[in-house]
Amino acid sequence: MSSSKSNSMKNNTMWRYTFIRLRRNYLAMIGLAVLLVLIFMAIFAEQIAPYGYADQDYMMIRKPPSAEHFLGTDEFGRDVFSRLIYGSRISLQVGLIAVSISLIAGGAIGAIAGYFGGRIDNILMRIMDVQLAIPTILLAIVISSALGPGLFNLMVAVGITSIPRFARLMRASVLSIKGMEYIEAARAMGASHFRIIMMYILPNCMAPLIVQSTLSVANAILFAATLSFLGLGIQPPYPEWGGMLSTARPYLRNSAYLSIFPGLAIMITIVALNCIGDGLRDALDPKQKR
C-alpha cells in the first residue's frame, strides 16, 4: 500500500514539474492556445459560424472577402469562413480518434511483444515491419479505397497507418523497464501478467506515448486532408479542409482565396500541434533540450 502511494506521489510530482517546464516554452504555449481556439470553434460551431456549412446563395457565387462574408464565398455561394469553422470539427475529430485507434492497438501490440518476448515478439514485430515497409500514404489510400469514403472509414484508415510507430515505441519502453526491481517484486507477490502490464509498466511508458500521440494527431489531420483531397475521405457537402482544397483547384487563377484559407487552416493546425509535441518532449525529457 505504501509503495503504491509513494509511486502515485512520485508521478504527481513528475507531472507537476513537467507542466512547469512546459509553461516556459513559449512556442508550446502559443500552439496550445491555437489548439484550444480550434477546439472551442469545433464544439460551438453552430453558435460561432455566421452561416450554415451548406447554406447556398447563388447571387454570391465566388465573391471575394467582404464585410458580409469575412473570407469570401465558394462556387455555390457558401460562406468559406463558416465552412472552415465546421471543418475544424471534422479535422480534429479525425485526428483524435485516428490517433486513439493507433495508440490502443499499437500500444497493446508493443506491450505484449516487449513483455513476453520470444516467438510472440518476433511474430508481432515482423508484422509491424511489413507494414512499415509500405509507404504510409499509399497504405492509407489502399485502406480508404477498400473501405470506401466516409468519416468512420477515414478515421480507421488513418489510424491503422500509425499502429507500427506506437507498437515499436511501446515495445522499446517495455523492454527498458520490465527488468526493474519493482517488476520483479510484483511477480514475486503473485501479480498476474495483465496486472503487471496495466499497473506497473504502462504508467511508466506514458511520457514517450504522449509525445508521439501529439505529433501523430498532426500527421493524422494531414493524412485525412490528403485523402479528402483525393476524393477518398469526407464527401460533399460536409466541409473538410482537404476536400475544400480539392474543390477549389479549378478556381486557383481567379479565386485563389478558396485554396489559400483552407491551406492556412491546415498549416496553422499542424504547426500548433508540432509545437505542443516538441514542448512536451522537452518538458518530459529536459536532457533533450538544446
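1. Helices and strands here are DSSP runs, numbered from the N terminus; a helix needs at least four residues and a strand at least two. On that basis the protein, a predicted model, has 13 helices and zero strands. Read along the sequence, the pattern is α-α-α-α-α-α-α-α-α-α-α-α-α.

2. Overall dimensions come next. The C-alpha atoms fill a box of roughly 75 × 45 × 35 Å along the principal axes. The protein has 290 residues, and 43% of them count as buried.

3. Contacts reach across the sequence. Take those with a separation of 6 or more: 70% of them join residues 24 or more positions apart.

4. Now the charges. The protein carries 25 positive and 15 negative charges, and their mean positions are 11 Å apart. The structure holds nine salt bridges.

5. Asp-74 deserves a look. Asp-74, Arg-78 and Arg-83 are linked in a network of salt bridges. From Arg-78 to Asp-74, the closest N and O atoms are 2.8 Å apart. From Arg-83 to Asp-74, the corresponding distance is 3.8 Å. Arg-78 and Asp-74 are both buried, and Arg-83 is buried as well.

6. Another salt bridge sits within a helix. Asp-278 and Arg-281 meet at 3.7 Å, N to O. Both lie in helix 13 (residues 257-284), three residues apart, about one turn of the helix.

7. Glu-240 is a charged residue to check. It lies in the loop between helix 11 (206-229) and helix 12 (241-248). Glu-240 is buried yet has no salt bridge. Which side chain of opposite charge is nearest to Glu-240? That is Arg-83, 9.1 Å away. A salt bridge requires the nitrogen and the carboxyl oxygen to be within 4 Å.

8. What does Glu-240 touch instead? Its side chain makes a polar contact of 3.1 Å with the side chain of Ser-228. Leaving aside neighbours within four places in sequence, Glu-240 is in contact with Ile-90, Ser-91, Ala-224, Ala-225, Ser-228 and Ile-234.

9. Last, a backbone point. Arg-62 has a positive phi of about 50°, although it is not a glycine. Arg-62 is placed in the loop between helix 3 (45-48) and helix 4 (80-116). Arg-62 counts as partly exposed because its relative accessibility is 31%.

Note on methods: Residues numbered from 1 in each chain as written. Predicted model: local features only at pLDDT ≥ 70, side-chain atom pairs only at ≥ 80, totals over all residues. Heavy atoms only, no water. Buried < 20%, exposed > 50% of the residue type's maximum accessible area, 1.4 Å probe, protein only. Lys, Arg positive; Asp, Glu negative; His and termini not counted. Polar contact = N/O pair within 3.5 Å; in protein donor to acceptor, adjacent residues only side chain to side chain. Contact = heavy atoms within 4.5 Å. Charge placed at Lys NZ, Arg CZ, Asp CG, Glu CD.
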